[in-house]
Every structure is written in structure tokens, then in C-alpha cells.
Amino acid sequence: MNTHPMKLVTIVCEAYAKEAVTKLLGEVGAVGYTLFPVEGSGARGRRPADIPEYANIQVEVITRPEVATQLLQRLEQEFFPRYGMVAFESDVRVLRPAKF
Amino acid sequence: MNTHPMKLVTIVCEAYAKEAVTKLLGEVGAVGYTLFPVEGSGARGRRPADIPEYANIQVEVITRPEVATQLLQRLEQEFFPRYGMVAFESDVRVLRPAKF
Amino acid sequence: MNTHPMKLVTIVCEAYAKEAVTKLLGEVGAVGYTLFPVEGSGARGRRPADIPEYANIQVEVITRPEVATQLLQRLEQEFFPRYGMVAFESDVRVLRPAKF
Amino acid sequence: MLEAIQANLLSPAVLFFALGLVAALLRSELKFPEPLYAALTIYLLVAIGFKGGVAIAEAGLGRIWLPGLAAIVLGCVIPLWTYPVLRFGGRLPAVDAAAIAAHYGSVSAVTFIAATNYLKSIGQPYESYAIAFLAVMESPAILVGVVLGKLATSRSGSSAIPLRTVVHEALFGRSIFLLLGALVIGAICGPAGMDKVGPFFVTPFQGVLALFLLEMGIVAGRRLEDLRKVGPFLLAFGIVVPMVNGAIGVALGQVTGLELGGATLLGVLAASASYIAAPAAIRLSLPEANPTLYLTASLAVTFPFNIALGIPLYFAIARHLYA
Amino acid sequence: MLEAIQANLLSPAVLFFALGLVAALLRSELKFPEPLYAALTIYLLVAIGFKGGVAIAEAGLGRIWLPGLAAIVLGCVIPLWTYPVLRFGGRLPAVDAAAIAAHYGSVSAVTFIAATNYLKSIGQPYESYAIAFLAVMESPAILVGVVLGKLATSRSGSSAIPLRTVVHEALFGRSIFLLLGALVIGAICGPAGMDKVGPFFVTPFQGVLALFLLEMGIVAGRRLEDLRKVGPFLLAFGIVVPMVNGAIGVALGQVTGLELGGATLLGVLAASASYIAAPAAIRLSLPEANPTLYLTASLAVTFPFNIALGIPLYFAIARHLYA
Amino acid sequence: MLEAIQANLLSPAVLFFALGLVAALLRSELKFPEPLYAALTIYLLVAIGFKGGVAIAEAGLGRIWLPGLAAIVLGCVIPLWTYPVLRFGGRLPAVDAAAIAAHYGSVSAVTFIAATNYLKSIGQPYESYAIAFLAVMESPAILVGVVLGKLATSRSGSSAIPLRTVVHEALFGRSIFLLLGALVIGAICGPAGMDKVGPFFVTPFQGVLALFLLEMGIVAGRRLEDLRKVGPFLLAFGIVVPMVNGAIGVALGQVTGLELGGATLLGVLAASASYIAAPAAIRLSLPEANPTLYLTASLAVTFPFNIALGIPLYFAIARHLYA
Ligand SMILES: Nc1ncnc2c1ncn2[C@@H]1O[C@H](COP(=O)(O)O)[C@@H](O)[C@H]1O
Ligand SMILES: Nc1ncnc2c1ncn2[C@@H]1O[C@H](COP(=O)(O)O)[C@@H](O)[C@H]1O
Ligand SMILES: Nc1ncnc2c1ncn2[C@@H]1O[C@H](COP(=O)(O)O)[C@@H](O)[C@H]1O
Ligand code: NA
Ligand code: NA
Ligand code: NA
């Protein structure tokens, strides 16, 4: 079994940003993502996740390093000033690198 | 405080595969898992998570390296051809290694 | 783009522990967290997540290494004997280190 | 017959279904949260099961066993005759033919419920115990289809799931369990029990169904874009075969002593195709089968066809036979 | 007028809203799970839309188009007059003034529904088709506000979202789609359809609304602590401007031929401020605007004010005008 | 008495509870999504609270304070007499004895609701304001139990949670807040308010309860496999102690002036054991106590016993006393 290094980018943001974020994923060339509603607390206070529009979502994207870099860059430039949001990158290993 | 290296295997797959995946976890010797419904997008299109049967789940398993390897191997052989699915491995550190 | 190393501490525990855990996060100096309900299986059997009080939650905290260490230490001392729970640490990279 | 169709098309339930289709086609963000879908499903199954049980208590098993047996036989026979049609008429791979055949032999609970709703709204009485036929018809076709597929693929390689698992899944799936459970409870409680829970399980039923069909329209509508992938044969199959099965079902209902309403419902069951239970079982036991084919045919072609046109059509056939 | 207010304050719906406020202020852990919130929203929008559609079918478009047009004009004009008030009276940055103006020109469906509930509970008949005004008034003000904001900020830098997206969002958001869809279905089905789904969409409506307002009280209550941040000007704005708009709306309703009940509802729409649709659109198109300002004003000031005092006040104004 | 039990066992609510037990024992995948559970809980608590509040408004506090006080005293006394039984009769560790005693002194809202349902279905009138006793009986026993446990463990080490937190949790938990809030609202609105929300909070109530008990059956059934772990003493305790407490409660109800129905309900409250509020508080304040013991006894033994046999039994006792 061969595993291949890949990046996992995790984004936690306001649900309002959902469409904009998934659109961005397409633009930077990420294929596929996973997404679910979460509640959170951060610089903008608590977000208790009872009204979909005021809740948070967590988006997880496995992708190649260069795409991850580009994704984070555009998040920093275009999204951080606009939305309550956290984004981070970590290292994972996958089996079918061609998939991402 | 002593932390001990361990593997985290994350599986995102169709809800149809839930029972088969948890059964596999038992077979390869993983003890314990965490699981939640997610929506996703991938090679098989969007999966919007409004009907449980057509939705995705994310399964997270902390386990010893050799179990992780075996788990990924069997996923590759038996599950990848059958289910819409993504699986990846990463490094984590836990406090009670005997638990896993 | 500069990314900065940070720790991600993930806690899966009984929902009963929610308030105690978020209180602890404040005490050790973590700023912000993300949280969602999960179902699970472990040493204390299956937890199927249909009654909020009997379900599990997963808490994710990005924080500085020293805070992560302190968090894990206190979890080990004060929470592990009391609650059904798993906690682990991993390495991530963030863009705005001052935020955490 | 045109007026039967019109009465159906202009009912709130069908119009909400159409609204869901429109939402999906316009790529609206509209969808129901999963727990709401689950809640509505539980409500509909329990309500219809309970009502059917009360009806069984009143009718007695004596009048039910014969058409019930006919329903089971029908479920077994439909995959047997549709398999060669798919295999040789449609030139589909054996495993896909078996998978699709299983779906059309099995049944759609929502279609059945919509049919009872239609009959009620046009004032046509029907045997409420027909819900028992829904319960017994879900599994047999799946088993027949799986066996057909296994025979065809022969080399059921390393990853074969034991047939036992499939049988268990087919017989003890969530929806069957709920339906049969509520049915037994209804039969035990009888009309007195109905007085107690009727204001919840009966009075708001039609409205709840309308809301539920909105979501089902969205779900079906999302599959519409796969229509190109399945080709004209499967599209025709998904419309013609239900009509044939529907006519057979109605006739069988008449032969086994059902009234006009009950025969219509047996026709609807025969005509309907499964899109929840069958895909789950087939994915497990015939993994080589292509889900796009069976899901699109059953969910994007046959389901909307039945909801909009099929139900009044089978009723018209029944009225013709009983005239 | 005092008795009108008292009747409102002592209704279950308003008391449950107050209970929600109390829960939030006591920092109780009480909250509704998100799918329950979504389910209640879907129910309320579909129910009121369907009922409005049936009313339109009975009234005919002839009686609706004029007040409907007035509603749209009102939606466009409110941001135009409130913008300078905010900008120069309140010395707010241009983009914040535009954002807040958009919120007050747009409408709150829950406030409207609470108002119909109030009228019903005091036995005051109203034109059910007024729901059509709710549907057409949500978007225009948002568009006007966004244009105002864009003009003000001029340097709509790299990250500008095309106006097309905003228009699409404003016109085809989930709630508008549901409302209009149910309205069209109601208009097609007419009273016959109402017989079928009424036991679900009408009978339990008041109770469902009371439960929903409990959650809305919690949501609004959480924002109360931000009141300090918005300052006294915005606090006064959030109470005085609705009263002005409410009076204008009522008068416009009378001029365009509505009856007492309908004019009250048009007043309520004019007075209400959006806290779901407008924030979503403004966040997208005027990201520089400070959400604390517009959300707190609309959700923590104007919404509770309208629910508790505004609705009976606009009704009292209407009764005065129609006396 | 046999017929009282039979009437209960054959009611839809109890049969659905049994169906849930069966589902759990067959390890069916059936379960309710969490938000549905939460929604049903909110509905049941608000409905019963509102109804109780209306009843209080009609009855006046004068008739309630004495039995209410008796209920509080009962809640404090039950842990005091069950603790030595558990400690010395059952040879359980002190902290476990205290934890279990707290559970049996506290109450189960679902058991209470099922009892009102039973009385309603057999046509036995009861004082709706008895819901107030449910509200005041949840906390006292928990506090007594915690104090007992703290005294017993003495070395309340580093990780002790301040008693203040526990008191707050016990008094302001979600369910108490909802119940008391709805009760106050009901008392303010009186019968006029009931007219408005009754079609939602009263009419479908029995059906909703039946559905909810299905889920509760599943939850209780999952615990059945732990019966072995708790041993025969706790099993007997979980059946005998409720009968004793039930009889005491009924007698106390009679002494303090309740009618037959109300005395039955006070008996049910005394007999019921908490499985939501008490575990949360005990986990926090007596972490050394073994959850398997108190949860299994209260959820897998006493709860099903009361639902199936206890409720009609306490009613039979009451009828005997009032004869
Ligand atoms: N340190 C953190 N660890 C994990 N999640 C965080 C953290 N800080 C913020 N978040 C998440 O990101 C969301 C937005 O953060 P903020 O913009 O800081 O309010 C919060 O509601 C949390 O869900
Ligand atoms: N690159 C990715 N990053 C994160 N999740 C993914 C990715 N690709 C696929 N997934 C998830 O895996 C599921 C199945 O993928 P697929 O088989 O490619 O359709 C999708 O619905 C997503 O939830
Ligand atoms: N090996 C594991 N991998 C992932 N999650 C786990 C694992 N073990 C336990 N958990 C989670 O932690 C919860 C509590 O674990 P336990 O105390 O072992 O019952 C379980 O219900 C799971 O959700
Ligand atoms: Na069929
Ligand atoms: Na307005
Ligand atoms: Na008790």
C-alpha cells in the first residue's frame, strides 16, 4: 500500500459564506470537499448554531500543496476581512493521489 | 505529561456504507470510532445530506499505525470500487496509548 | 503567504461534559473553539446520538503549544476519570497566529 | 380519465411535488434538513401503518391473506419478467438488469401514500388494510433481483456480502419495521385507539404529505440531469413498465377479491419502484451494478410519472375493470 | 389603544417571545436545534403562502395589483429617506447607513405573521392576500440599499461581488421561493385545496407560531448585550423609524383601497426590518458594513418593539384612519 | 385492577413504547434523529406546562400550595429513606447509594405525562395543575442526594465542583425552565389563551406522546443489556421502591386535599425516577458514582415498569383509598 502526502485545509466560517467559499474552491482547482454545520466561539463571540443563517460551517478540503497555498492566500485576502472565519492547513496521506 | 504518537484515519463515505465500515473497523482491530453526518461534493457529484440514505458520513478512528495500514488497505481493496468515498491518514498524539 | 505552526486539540466526550470543557478552555487560555454533536463507540459502548443528553460532542481547539499542553494535562487529571472521553493533539498551520 | 388526471395534478400534494422539482431545476438552495425528512418519514409510516392495522382489525385476516399472497407473488414475478426485457431489449449488462428489475419489483411507500391521498381526495373509498400489501411487497423482489444478479455474475469474488446479511437488511430495514410495528399496534388498539391518536395521525395527514412531497420533488429533481446518462431505453422502460405492472396489479386485485379502491392501490404498488430500500440492498449485494442507472430510472422517471400521471391512470384502469 | 396593546402583550405568542428573551438574558442553555428552526420556518412560510394564494384566487388580481405596486414603491422609498437620516442625523459611515437603510426597507416575515395572528385573535378580519405584499417587499429595498452603498464606497475593490449575484440572491432566496411557490399553489388549488391541507396548515398555526416565537425571543435576546455598542441614536432610530414607516404604510394601504386589516398589515410590513434576507445580501455585497450595527438595530430593537408594541400601535393608527 | 392494567397495556402510547423496546432488543437501526427528540421534548413540556398554567389560573394558588409543599417534602424525604436501604440493604458504596437515592427522589416528566394520558384515556378527571408538582419535585431530591454523597465521600478532592453550580444546574436546567415558563404563560393567558393554542398543544397531544414513547422505548431498551451488571438487588429496588413511594405519594395527595386524579399523579411523581436531570447533576457533582448503576435502575427498570404497570397500579391504589 502506497500513501501519498496531501494537504487538508479546514475552514470554519459563518454559514453566510458557504456559497462564496465553495465557489472559491472551484476557482483554485480543488476537487471535492466535505462540509457540516458546527457551533463555535471566537473573536466575534459565540455562534450557537440554532438558526442556519447565523450558524457556522466547517469545510474540509483535501488537495495538492500548491492548491492549498493558493486557497489559503485567497482566503486571507478576500475572506478574512469579510467573514468571521478560521482556516488552517495540515498534512495527511491519501491512497489515490490522482483523485485530488 | 507524555503524549504518544498514534494514527487518525478519517473516512468520508456514503451513508449506505456505514454498517460495512463499522464492521470493518472491528475486523482490523480498531477500538472505538467517532462518526457524524456531512454533506459533500466529489467525483460522484454533490451529496446534499437531506435524505439520510443519500447523505455522507465522516468516520474518525484513532488507532495504532499497523491497524491504520491494514484499515486503509482493506478500504482500498474492498470499499473504493464499491462506494463513493475518501480516506486519509494523519499523525496525532494521545495521552493514553493503551486505550487504542 | 506565511503560515505559522499551531496545535489542534480535538476532544470527543459525553455531551454532559460540554459546559465543563468549554469552561476549562477559557481557564487554560484558549481563545475560540468549534464544536458539533457526534455519535461514537468506545470503551463505554456505543453512543448513538439520539438524545442530546446521552450523546457525544467533538470539540476542536486551535491554540499555542503551551496552552495545548496545559489543556491536555488538565483533561487527563480532571476529566479522564470522570467522563467518557478521547483527546488528541496534532500539528496545523494557520495564517494569523496572533488570533490564537 | 382526463378529469381523474386533472384532479390529481391540481391537488396540493402534487403541486408541492412540482414545486420541489422546480426548486431543484433552478438550483435553488432549498432543501429540508435531514432530521425533518426523517421526522416526516417516521410520521407518514407510523400513521399509515396504524391506520392499516385498525383496518385489518376490522376486516379480519380472512379477507386479506389471498390478495396479500398475490402481492408477494407479484413482487417475485415482476423482476423475472423485467430482467430479460432489460437484458435483451435494453442490452444492459446482466448485473444492471438484475438491479433495475429488483427496484421495479419492490415498492415505493411514498407513491402508495400519495395514492391513498388521491383516492381520499376524490372521495373514492379504499381498503385501508392494503397497507399490508405495501409491507409484504418491499423485500421479495429485492431477493429475487439479488439472486438473478449473483447467478449472472457467478464470480462473486472476495468481497461478496453473505446473502444472509442482505435478507436481514431486506426484512428488517427501518421502514419495514416501523410500518409493521405500527400496523400490529393499530390492529391491537382498533378503532378505540384511533380515537386517541387520530387527531395527530389522521387529521393533519394530507398537509404533512404535501410538505413531504415538496422535499421529494427536490430529491427527484436533482436526479433529472442524469437522464441523459441513462439513455432513451431506460426512460421508456421507466414509464411503460409501470403502466404494464399497474394494469397487472389492478387485475390481480380484482381477481383476489379487492374492491375498486384496493385494486387501484395494488396496481400502484406493482407500478411503483423502490428508491430507498432497494438501492441500499443492491449497493451491498450487487456492488458491480451502476447506481446511476437504477436510481435515475426509479427516482427521476418512474416516481414523478406515478405521482403525476400513474396514480390516476391506474385508478382509471380499475374503474374500467370494475365498471 | 392601551387595550389593543394589552391584548397583544397577553397573547401566548408574545408571552412565549418574552420567555425566549428571558432565557437569553439568564444565559439559559435553552435553544432550539437548527432543524427544528428550519422546520418551523418552512411550515410558517408555506402555510401563510398557501393561505394567501387561496385568498388571491378568491379576490382576483384586480384588487391586488395597486396596493402591491404601492408596497414595492414603499420598499424602494424607505431606504432613500432613511439613508440621509442615518448618514447625517446619526453621523454613520456611508456604507453603514446604506446597509441599515436596506434592512428597514425590507421586511420581516415573522413580524408579518405575528401581525396576522394578532388580528385574528382580536377578531379583526384582514385580506389574506396581503401576504403577496410581503413577498414583493423583501427584495427592492435591499437592491436600493446596495446601490446606495456602492455609490458611497465607489472604490468597489478587487473582491467586489457582481451585482447580478446579489440580485439573484435577493430574488431567489429560499424564503421568497417557498413563499411564492406556496402562494401560487394556493391560488391554483383555491378553497377546495384548503379543505385538504387546512387541518395541517391552519388549525395548529397559532400554536406553532407561539413555539417559534420562543426561539426567536432567544435569538433576539442574545443580541441585547450589543445594545451598548450601537449607541443611543440607533436605538431611537430602531423605534421611531418603524413608527413613521408604519403610519406611512397604513395610510398608503387606505389610499390604495385596502380594508382596515390589510392596511394594518401594510403598515406592519413597512415598519418591520429584515434580519435574515437583508444581512445575507449585505454581507455579500457591502462587506465593509458593520454587521453589529444593522443586526442589533433590526433584531434586538425593532423586532421586539414591533412584536410587543408596534403591531397593536399600527392597528390603532389604522383604526383611527378608518374611523 | 387487572382491567386498569390491561387498559394501559393496550393503549397506543404503551404499545409504541413496547415497539421501541423490541427495536432496541432486535438491534434495529431505528432511532429518532436528535433534533426530533428535542422537538418532541420541547412540545410535550410546553404543552403540559401551558395546560397546567391555565389550570392553576382557574384553581387559584390557595388549593395548590399545600399539596405543592407536600411534593417538595416528599422529594427531600425519598432520598433520605432510600439511601440507607441502598447502603446497607444493597451493600452499595456510599456514593452510589447517594446517587441512586437522588434519582428516585427526583421525577420523570415523561412518566408523569404518560400518567395524565392514561387518566384521560380512561375518562378519569384530574387536576391539571398537578404539573406544578412535577416542576417543584425535580430539584430537591438531587440536592439532598448530592449532600449525602458529599458527606459520605468527605475528601471532595481537587476537582470538586462548587455546590452553587449544582444548585444552579438543578434549578435552571432547560426542562424546568421550559416547564415553568409555559406554566406561567398558561396562568397569565388562562382559558382564552388555550382557545388559541389548544389545536396545537392539546388536540394532537396523545399522538405525539405515542410517537415519543417509541423513541423512549428504544433508549430504555438499549440499557436492558446492562441489567446483568446491576445485579438482583437493584432490579428489585427499581420495582419495589417505586411501589412504596407511589403509595406514599397517593396517600399524601389525599391528606393534602387532592382529588382521586391528582393523588394518582402525586403517586406517579413519587414513584418515578429521573433519568435526564439527575444524571446530569450527579455526573457533575458526584463523579465517583457509577453511572451504570443509577442509569440502568432508573431507565431500564423503573421507567418501563412505571409506564407499563406502575401507572395503573398507583391509580388502583388511589381508587382504593378514595373508595
Ligand atoms: N481557536 C479556535 N479553535 C477552533 N475554532 C475556532 C477558534 N477560533 C475561532 N474558531 C471558529 O471560527 C469561528 C469564527 O471565528 P471568529 O471570527 O474568531 O469569531 C468561531 O465561531 C469558531 O467556530
Ligand atoms: N478533495 C476532497 N476533500 C474533502 N472531501 C472530499 C474530497 N473529495 C471527495 N470528498 C468527500 O468524499 C465524498 C465521496 O467522494 P466521491 O466518491 O469523489 O464523490 C464526497 O461527497 C465528499 O464528501
Ligand atoms: N479509537 C477511537 N477513535 C475515535 N474516537 C474514539 C475512539 N475511542 C473512543 N472514541 C470516541 O470517544 C467517545 C468516548 O470514548 P470511551 O470513553 O472510550 O467510551 C466514544 O463514544 C467515541 O466517540
Ligand atoms: Na413495484
Ligand atoms: Na420595512
Ligand atoms: Na420520584
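Thr34(C) reaches ligand 1 with its side chain: an N or O atom there sits 2.8 Å from an oxygen atom of the ligand. That is a polar contact, meaning a pair of N or O atoms within 3.5 Å. The structure you are looking at is a predicted model, in which local features need pLDDT of at least 70, side-chain atom pairs count only at pLDDT 80 or more, and totals for chains, interfaces and linings use all residues. Residues are numbered from 1 along each chain as its sequence is written, chains are lettered from A and ligands numbered from 1 in the order in which they are written, and side-chain values use heavy atoms, leaving out hydrogens and water.

| Residue | Atom in the residue | Distance to an oxygen atom of ligand 1 |
|---|---|---|
| Thr34(C) | N or O atom in the side chain | 2.8 Å |
| Arg44(A) | polar backbone atom | 2.9 Å |
| Ser41(A) | polar backbone atom | 3.5 Å |

Taken alone, ligand 1 exposes 480 Å², and the protein buries 97% of that; these areas come from the Shrake-Rupley method with a 1.4 Å probe. Which chains provide the surroundings of ligand 1? Residues from chains A and C do, so the site is shared between chains. In total 20 residues surround the ligand, and Ala43(A), Asn56(A) and Lys99(C) are among the closest; a residue counts if one of its heavy atoms lies within 4 Å.

Now to chain E and its sodium ion (ligand 5). Tyr104(E), Ser106(E), Leu269(E), Ala270(E) and Ser272(E) coordinate this ion, each through an O atom, at 2.4 to 2.8 Å. Donors are N, O and S atoms within 2.8 Å of the metal, or 3.2 Å for Na, K and Ca; water is not among the atoms, so sites may look incomplete. In sequence, the donor residues follow the spacing Y-x1-S-x162-L-A-x1-S. Ser106(E) lies in the loop between α5 (94–105) and α6 (109–121), while Ala270(E) is in helix α12 (residues 260–271), so the pair ties together parts that are 164 residues apart in sequence. Helices are DSSP runs (H or I, at least four residues), numbered from the N terminus. Are Ser106(E) and Ala270(E) buried or exposed? Both are buried, which stands for under 20% relative accessible area, with exposed being over 50% and partly exposed in between (1.4 Å probe, protein chains only).

Notes:
Helix = DSSP H or I, 4+ residues; strand = E, 2+ residues; numbered from the N terminus. Polar contact = N/O pair within 3.5 Å; in protein donor to acceptor, adjacent residues only side chain to side chain.
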